[in-house]
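Good morning, and thank you for coming. I would ask you to keep the structure in view while I speak.

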Amino acid sequence: MAQLSLLQVDAGSNARVPVHLSRPSTRPTAAVILCHHGLGIYQDDFQRRYADSLAQLGFLVALPDFYHRTWPVTKVASTKGAGLSQKDLPVVDLITRVSDEQLVADATAVVEYLEAKEGITSIGVAGFCLGGRTAWLLACAMPDKIKACNMCHGGNITIPLQGTRLCFCKLMLAHIFGRGAVCCPHGKARSPLDRCSALRCPVMAHVGAADNNPSPAEAELLRASLAKCGNSDMVVHVYDGAKHGFCCGDSDSYQQAAADLAWQRTASFLLKALTPGKKCDIPAAPGKSKQTGAECTSACAEIAKKDAAVRST
């Protein structure tokens, strides 16, 4: 089932969002929007395999291509990155040009499709790395629609994405030095953390003890900020020895024991939040990809390469 199969969802303003769907064996009433990491959805099949595993729980799973506006024509016309090594992907272009406004617009279109065309009545969001950040953002932006938010090492929640290179530089600094290194004002733009007063659904976060974006301390900041806004339903799980990307089978930092435990917790969390009372056997975790890379999920290696340029500006 991990073979790529796309439909096009109308997002208005002449934009159409490519979405990969993983369907369960029975007609679903609940869906999960799976938000991709920094490499997009085409390069490797890990996220599609993860979507298939969620579908085995009875969910209709939508994996949107949030980079559809930014892929260079030479790539989008042929492979869309499928089969490329991680180092060959245009990671800088992709992350630089995406904005929170576009992410929300695309996800809103996907939610409308799921409700109107698929008969879905309960929707959750989940994601890895950049996708974990996107999941939090969407839960804040659509509090009446999103009923659960699951984040696997979702960082940069304190930084707004505005589709500019300045914003990308802030992302790089945060990845290298941690959230505290980013002290530049954001102007009128609001970060996902700034929006937390709107977030009403339960949240589960999976954080590596050896990660600095998000660090366990930053995850605790998210939990405390959410509680201050009146939502105390956030659980943070910290995994000993785990680095950024530990949940992702296409990452060099993949750690099977931690990833398997995070998967079990994720499955139980989403089932309880989206289909309360349903009993379901949880399938095995998706596991590791045949090929992995250092750029996986957070594009950390790419960020390190650009560090010298950031310091000189």
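Helix α4, residues 100–118, packs against α5 at an angle of about 70 degrees, and their axes lie 10 Å apart. Please bear in mind that this is a predicted model. An angle from 65 to 115 degrees counts as roughly perpendicular, and α4 and α5 are therefore roughly perpendicular to each other. Their crossing is right-handed.

Which residues meet where α4 and α5 are in contact? From α4 there are D100, L103, V104 and A107. On the side of α5, the residues are R133, T134, L137, L138 and A141. Sorted by class, this contact of α4 with α5 comprises six nonpolar residues, one polar residue and two charged residues.

In the loop between β5, residues 122–128, and α5, residues 130–141, we find C129. The phi angle of C129 is near 55 degrees, which is a positive value in a residue other than glycine.

The peptide bond joining N213 and P214 is cis, with omega about 10 degrees.

I now turn to another pair of helices. Helix α1 spans residues 46–55 and helix α8 spans residues 256–274. These two helices pack at an angle of about 45 degrees, with 11 Å between their axes. That angle makes α1 oblique to α8. The crossing of α1 and α8 is right-handed.

In this contact, α1 contributes Y50, S53 and L54, which meet W263, T266 and L270 of α8. By class, the contact of α1 with α8 contains four nonpolar residues and two polar ones, with no charged residues.

This brings me to the cavities. How many cavities of 30 Å³ or more does a search of the whole structure find? The search finds four.

Divided by class, the lining of the second largest cavity has 10 nonpolar residues, one polar residue and no charged residues.

The α4 and α5 pair is roughly perpendicular, whereas α1 is oblique to α8. The contact of α4 with α5 includes two charged residues, while that of α1 with α8 has none. Thank you for your attention.

Technical notes:
Residues numbered from 1 in each chain as written. Predicted model: local features only at pLDDT ≥ 70, side-chain atom pairs only at ≥ 80, totals over all residues. Heavy atoms only, no water. Axes fitted to C-alpha atoms, helices over the stretch in contact; angles between N-to-C directions. Helix = DSSP H or I, 4+ residues; strand = E, 2+ residues; numbered from the N terminus. Parallel < 35°, antiparallel > 145°, perpendicular 65-115°, else oblique. Left-handed = near helix turned anticlockwise from the far one by under 90°. Contact = heavy atoms within 4.5 Å. Nonpolar A, V, L, I, M, F, W, Y, C, P; charged D, E, K, R; others polar. 1 Å grid on protein atoms, 1.4 Å probe; cavity = no way out; pocket = protein on both sides within 12 Å on 5 of 7 lines; lining within 4 Å. Points joined across faces, edges and corners; volume = space filled by probe spheres on them.
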